Each structure stands twice: as structure tokens, then as C-alpha cells.
Amino acid sequence: MNRAVAELTTALNRVAAAMDAEVEAVRSGRADELSAAADRKRVVLEEVTPILQQSRDVASAASPGERTSLMEATRRMRVAADRNAATLQGALQGARRVYACLADAAQAAASSGTYRPDGSRHCAEDSVGTIRRQA
């Protein structure tokens with residue numbers, strides 16, 4: 001295998017492996033592992049970017065066997081990228097739902113259950129202030 005094909009194949013496989021590790025870290029639910037995996041993915045992407053940019057015409061000069069290896073590495077990276085994007089998007093949506101529930105719960109807990117003449121809710125703090133002023 002010529003050097004350029006080998007470097008590109010290795011770069012594509014490294015990116016796929018970094019993305020797979022990040023997906024596993026998200027699924028594990030451990031924040032420290034996710035942070036480390038995200039950092040590793042960033043480092044790998046920074047390291048392989050020059051290889052990817054310099055390798056635009058590598059496939060045209062590759063032998064049929066080398067093209068097969070490149071196509072497999074490219075497919076693996078695309079599958080890993082799709083899985084990575086879907087997993088991260090799902091985690092983001094889940095986090096947003098949790099925070100929305102927490103915000104709703106905090107708002108409900110802060111409400112005194114009464115309303116002002118304009119229809120807005122009285123907060124418990126407003127009621128306590130009113131009670132203290134009237135006392």
C-alpha cells in the first residue's frame with residue numbers, strides 16, 4: 001500500500017474510533033469519560049485535518065485494493081459520524097427536556113397559587129413580601 005493511501009486510511013479510522021469512543025462515553029453517562037472522549041476527538045480531528053486536506057486525489061492514484069481499503073475506511077467514518085451526531089443530538093435534547101422540567105418545577109414551586117388582576121401569577125416571594133408589608 002502506498003504511503004498516502006495508508007496515511008489516509010489510518011486517519012479515517014482514527015476519526016471513526018474517536019467518534020465511537022465519544023458515543024460510548026455519552027451512553028455510559030459518566031461526565032468525566034465524556035469530557036475526555038470529546039477532547040480526544042478534538043485532538044484527533046486537529047491531527048488528521050492536514051492529512052485529509054492533502055489527500056483529496058489519493059483515491060485516483062490508488063490501486064483497486066487500496067481503493068477498497070479507502071472506501072471501507074470512509075464508510076466506517078461516515079457511519080461513526082452519523083452515529084456520533086445522532087447520539088450527541090439525542091443527549092442534547094434529553095438535557096434540554098430535563099432542564100425544562102426543572103424550570104417548570106421551580107416556577108410551580110415559586111407560585112403562591114394566586115393571580116394578579118392582570119392574570120400573571122403571584123410568586124411566593126411576592127406574597128411573603130405583601131404579607132410582611134401588611135403586618
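Biologist: Which pattern does the chain follow, read along the sequence?

Modeller: This is a predicted model. Its chain follows the pattern α-α-α-α-β-β-α. That comes from five helices and two strands.

Biologist: What makes Glu 7 and Arg 3 a salt bridge?

Modeller: Their side chains meet at 3.1 Å, N to O. The cut-off is within 4 Å, so the pair counts as a salt bridge. Both residues lie in helix 1, residues 3-28. They are four residues apart, about one turn of the helix.

Biologist: Why is Arg 3 called exposed?

Modeller: Its relative accessible area is 66%. Exposed means over 50%, so Arg 3 is exposed.

Biologist: And why is Glu 7 called partly exposed?

Modeller: Glu 7 has a relative accessible area of 31%. Buried means under 20% and exposed over 50%; 31% lies in between, so Glu 7 is partly exposed.

Biologist: Which parts does the pair of Arg 83 and Asp 20 tie together?

Modeller: Their side chains meet in a salt bridge at 2.9 Å, N to O. Arg 83 lies in helix 4, residues 64-110, and Asp 20 in helix 1, so the pair ties together parts 63 residues apart in sequence. Asp 20 and Arg 83 are also linked with Arg 76 in a network of salt bridges.

Biologist: How do you know that Arg 30 and Glu 33 form a salt bridge?

Modeller: The N to O value is 2.7 Å. The limit is within 4 Å, so this pair qualifies. Arg 30 is partly exposed at 45%, and Glu 33 is partly exposed at 33%.

Biologist: How many salt bridges does a search of the whole structure find?

Modeller: Eight.

Note on methods. Residues numbered from 1 in each chain as written. Predicted model: local features only at pLDDT ≥ 70, side-chain atom pairs only at ≥ 80, totals over all residues. Heavy atoms only, no water. Buried < 20%, exposed > 50% of the residue type's maximum accessible area, 1.4 Å probe, protein only.
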